[in-house]
Amino acid sequence: MKQITLINGDGIGPEISEAVVKIIDASGLKIDWDIQTAGADVMESEGTPLPERVLNSIKRNKVALKAPVTTPIGKGFRSVNVQLRKELDLYANLRPCKNLPNVKTKFDNVDIVVVRENTEDLYAGIERQIDNDTAESIKVITRKASERICRFAFDYALKNNRNEVCVVTKANIMKLSDGLFLECFRNVACDYPQISKREILVDNLCMQLVQNPSQFDVLVLPNLYGDIVSDLCAGLIGGLGVAQGANIGLEYAVFEPVHGSAPDIKGQNKANPTALLLSAIEMLKYIGENSYAQIIEKALFKTFSQGKFTKDLGGNLSTKEFTNLIIQNL
Ligand code: NAI
């Protein structure tokens, strides 16, 4: 039986994890879930929000499914999510955003893949307090990280029959850091003559995305712009409840939704498990369980086609009711 690390997370994490495990189990696929806890509660009991046992579990199993973990804002410990990506060198954050059946959105034909660099930029965590009234964050962009994320984006485009890769920067202002990212894109692009290339500034991209998103195919971005733009793209396909993601490195992969722990709806049986379920479906494809991935995806899409949704998508189903319907549709 395949062993996979499962990080249940906090906030709505445990509710949506339970739903997804139940659906996978009902599909007939047997997975030995290696359940690991992380975050604020673990910080209290073990002195760190991301203990070695969690990292060791992922290193052993190579693959993890992760529900969101809360990060304190403006104080407290460093994000578990950022640490995980760094410790395991999960350098590519992949966020496919495609319209779902029957989910009403402003635009049809959205099919964008956001490839976000995951290890550096302003998320390198290098900050200092200069004095009471001044703080500094350092933006780190390296040739190594920039070239490998651009190569990942082009390889993804080739493998998945995509036509264009568009690089997103603010290289007109940050001439050195974003300028280096752009230079790396141009260098790597020479190895992929069959793929079209495009360059755009991040502010223009945002305007174009909310006016005419179907013009975009694969986007490759440094960490911060990637974080923001992937939430924007999530909004284009129905919101955070349906936006899947994956963090991929050379050795390990962690599949997780784009959304956070949604403390505002925690424990209310309201959370939409779709984003975690779609992330799990991608995980099943990644480990070669394509037939189960298809069975589960079909059941989810059938449920949508029946007009059955959780509240965030305008429906009236609770997390549990929605989960049970997907199971009935398997
Ligand atoms: P959030 O994504 O948790 O919530 C934003 C809004 O979307 C809320 O109104 C929430 O109710 C709604 N929402 C999110 N997921 C939903 C779902 N599955 N079903 C229905 N509604 C959903 O973002 P927020 O509030 O900014 O962050 C909360 C916490 O999550 C923070 O501590 C943040 O650091 C953390 N976070 C963790 C992430 C991770 O573990 N990968 C990613 C993003 C944020």
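Biologist: At what angle do the axes of helix α1 and helix α11 cross?

Modeller: Roughly 15°. The axes of α1 (residues 13-26) and α11 (residues 319-328) come within 10 Å. Axes here are lines fitted to C-alpha atoms over the stretch in contact, with angles from 0 to 180 degrees between N-to-C directions. Helices are DSSP runs (H or I, at least four residues), numbered from the N terminus. This is a predicted model: local features need pLDDT of at least 70, side-chain atom pairs need 80 or more, and totals for chains, interfaces and linings use all residues. Residues are numbered from 1 along each chain as its sequence is written, and side-chain values use heavy atoms, without hydrogens and water.

Biologist: What makes α1 and α11 roughly parallel to each other?

Modeller: Roughly parallel means under 35 degrees; over 145 is roughly antiparallel, 65 to 115 roughly perpendicular, and the rest oblique. The axes of α1 and α11 cross at roughly 15°. Therefore α1 and α11 count as roughly parallel.

Biologist: Which residues in α1 meet α11?

Modeller: Glu15, Glu18, Ala19, Lys22, Ile23 and Ala26. Among their partners in α11 are Thr319, Lys320 and Ile327. Contact means heavy atoms within 4.5 Å.

Biologist: Why is α5 called oblique to α6?

Modeller: Helix α5 (residues 143-159) and helix α6 (residues 177-189) pack at about 45°, with axes 9 Å apart. That angle makes α5 oblique to α6. The residues in contact include Cys150 of α5 and Cys184 of α6.

Biologist: How do you know whether Cys166 is buried or exposed?

Modeller: Buried means under 20% relative accessible area, exposed over 50%, partly exposed in between (1.4 Å probe, protein chains only). Cys166 has 1%, so Cys166 is buried. Cys184 has 0% and is buried too.

Biologist: What makes Leu284 count as buried?

Modeller: Its relative accessibility is 0%. Leu284 lies in helix α9 (residues 274-286). Leu284 touches Leu29, Ile31 and Tyr292, among others, not counting residues up to four places away in sequence. Leu29 and Leu284 are 255 residues apart along the chain, with their C-alpha atoms separated by 9.9 Å.

How values were computed:
Helix = DSSP H or I, 4+ residues; strand = E, 2+ residues; numbered from the N terminus.
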